[in-house]
Amino acid sequence: MAQTLNTAVSRTDAPRKVTGTATYAADVIPAGMLHGALATSSIAVGTLTGLDTSAAEAEPGVVAVYTHENLPDYKSVKGFYAGGPGSASFWPMEGTEIKYAGQPIAYVVAETAAAARRGAQLITADYDSRPADVHMDPADSFVIGATGDSKGMVATKGDVPKGLAEAAQTLDVEYTTPFQHHNPMEMFASTAEWRGDRLTVWMPSQSVRTLRLGIAKAFGLPETSVRVISPFVGGAFGSKAGITPYAMLTIAAAKAVGAPVRLIVTRPQMYTVATFRPESVQRFRLGADETGKLTAFEHIEIAQTSQFDVVTNPGTHITRAMYASPNIHTEQRVARSDTNTGGFMRAPNEMQTFFGLEQAMDELAHKLGIDPVEMRRVNDTDRHPVEDVPFSSRSLMECYDSVSDTFGWADRTAEVGSMTDGDWLVGYGCATATYPTNILASNARVRMRGTGHAYIELAAHDVGTGSYTIFAQIAAARLGLPVEACDVVMGHGDMPVAPLAGGSGTAASAGSAVHDACLRIGRLVAAEVSRQPEGPLAGVSADRITLEDGVLRGPDGHSQSLVEALASTATTEVEAVGEFRHPALTDKLIRATFSGGYGTAGPVTPECAMFAFGAEMAEVHINRWTHEIRVPRAHGAFAAGTILNRKTAHSQLMGGMVWGIGSALHEVTEVDKPRARYLNANIAEYLVPVNADIREIRVEMLEERDDYVNPLGVKGIGELGIVGTAAAIANAVHHATGRRLRHLPIRMSDLV
Ligand code: MOS
């Protein structure tokens, strides 16, 4: 049954999703449930001087209105998991301070959702308003924790000025990327029900463990009194990773009002109550000899952060791992402005930094007259350029070779503007993609019955990516069962601990724990059959019996399928808790994950650097007269270790590339500068690609074996696809037009 891995298996949860029987957080209706709505600040920075809730309270259906003055049990939240992506240190409705536009100022509870929203609209506020700016000033940036240590936020090797002086060509450029906001299809929702001191919260979450511990601490409850339920998540991408004020407000309101309360955050409010991709500046100084070999590599990233937190999504940790250079300097800087705290958004360290890095490589190649693919080839390296450890596996150039073939890179004529199709200028561009392999501790429980069924249980998450299916596949392969006979249950905070569904780490980490649990099941059943008076493995010492692809094998060649072996014993069910503890995981990292944090041993351990790689190529057509930009083709070849499911992996990579096209050409959160507010906080005006924008997308998944990362050899593919797309398109735009566009998104008006 090993063939259940690396095959195309349809999602096991698909029938439930298409028939509407998959229960999302906002589908739950506890008896007597009331509805919540948020009123938010209309100014960005200042002080609340008055809040009139009388009209809201008089509104038919409104049950209660809570403000900073009367919301009980909320203040205790402060300080817990405070700061950093996903969990801001400043919480709304604790006082009168306003730090960003759209900050919650009141919480209305009503009998219907409509009454709650009407009530919220009737609340009026007076403010002492102060000037505010959503945009950062890069001149005010500072280094995040400058340690001088290469593992830290500044890394230096050799002498960059010397390397630049020795170069045949140099480049000194700056790229900018805008604010981008999450718009998952499933709105942010939370439903809270208290029964005495016991609390149940239904909420879409990428980390039920984090949420459960955080809620317990905030409300002074033992962990066992809190149930967190999140079996289905309708899109997350980082937006549902943290502990959010709207959930805490809902829990507090439910307690105060004495009834279950559900809040569905409105689409515009989703722009200010959760995380986003901060705007950034990417500065590169590169030098290379005539052959394209880098003599100097400098990357300084300046990322926007709030006035009260420092967001650490250090992209320079990733860019400095890409290409060999004797002289390297990278710096991770932030600059503050008046927003809520940003955080994770699909490839949070990589998307914006690779828009810079991969254009810079293209610019330098162009200056040197070298083919862009060749530029990557001469700078490819099998050791991490700064940490000087080998890559556990690195198939970057294999990816370029593969995608060059499918795309027809050889047809590209180097000269700018040399390719045309009638009224259309044609450009070909390429870019490297990468994503770090994150390694986190995980547990998983597997029960197997003699009837040939298995039940897999863990506090992991399927955020729409296919985790239900791949865990069933892993169990099926190891236990020798059909995929349909393996039932996976996830998304409850009290299940065996699994890490946050982020950093593309679920398959690698939680999947390895499922794998381990199955091996333990094999050992338990082996012990049973070896004790039997008869049977193919009777009397064989249990520790000499191995489990391979669902078959128990003795040293003398005797064997028995695991399910037959189990059925032959008096035991009706065996249960094992599997553990994934990669040797690079320190106790501190393991403890971090078990206490709701993110304890990754990746991507660089003392022995290895672990990254998945890809190469992307895009063709753009630009209308000579209207400057309309089209992307008729985008191809990607990716190598990410073992591919567990060729169908769901393909969807992840393709979805990433589609989002990459959106990033390149559509996506931006527009800012009303004088008011320091977002202008297009809705999905009508926040542009994303539609089917008509997406033509041919081709995804190749290369074979790659990696025995270091985990027993399954899985690196993770959730974010890899988005990383190179925008740069490949920008490079293609340059090839077509000679215009170098160093900002996102790229629009028709930029080409006039
Ligand atoms: Mo993903 S941005 O690591 O949730």
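The axes of helix α8 (residues 351-368) and helix α16 (residues 725-737) come within 8 Å and cross at roughly 35°. This is a predicted model, in which local features need pLDDT of at least 70, side-chain atom pairs count only at pLDDT 80 or more, and totals for chains, interfaces and linings use all residues. Residues are numbered from 1 along each chain as its sequence is written, and side-chain values use heavy atoms, with hydrogens and water left out.

**Helix pair**
- The crossing of α8 and α16 is right-handed (the near helix is turned clockwise from the far one by less than a right angle).
- From α8, the contact (heavy atoms within 4.5 Å) takes F354, F355, E358, Q359, D362 and H366; α16 contributes A726, A727, A730, N731 and H734.
- By class, the residues of this contact are five nonpolar, four polar and two charged.

**Strand β1**
- Strand β14 (residues 261-264) runs parallel to β1 and is joined to it by three bridges; G36 has L263 as its bridge partner in β14.
- Strand β5 (residues 104-110) runs antiparallel to β1, with six bridges between them; A37 has V108 as its bridge partner in β5.

**Domains**
- The chain is divided into domain 1 (32-132 + 185-235 + 240-271), domain 2 (138-179 + 277-437 + 605-751) and domain 3 (441-586), with bounds from an automatic or database domain assignment.
- The centres of domain 2 and domain 3, taken over C-alpha atoms, are separated by 39 Å.
- Their contact takes 18 residues from domain 2 and 19 residues from domain 3.

Key: Axes fitted to C-alpha atoms, helices over the stretch in contact; angles between N-to-C directions. Helix = DSSP H or I, 4+ residues; strand = E, 2+ residues; numbered from the N terminus. Nonpolar A, V, L, I, M, F, W, Y, C, P; charged D, E, K, R; others polar. Pairing = 2+ DSSP bridges.
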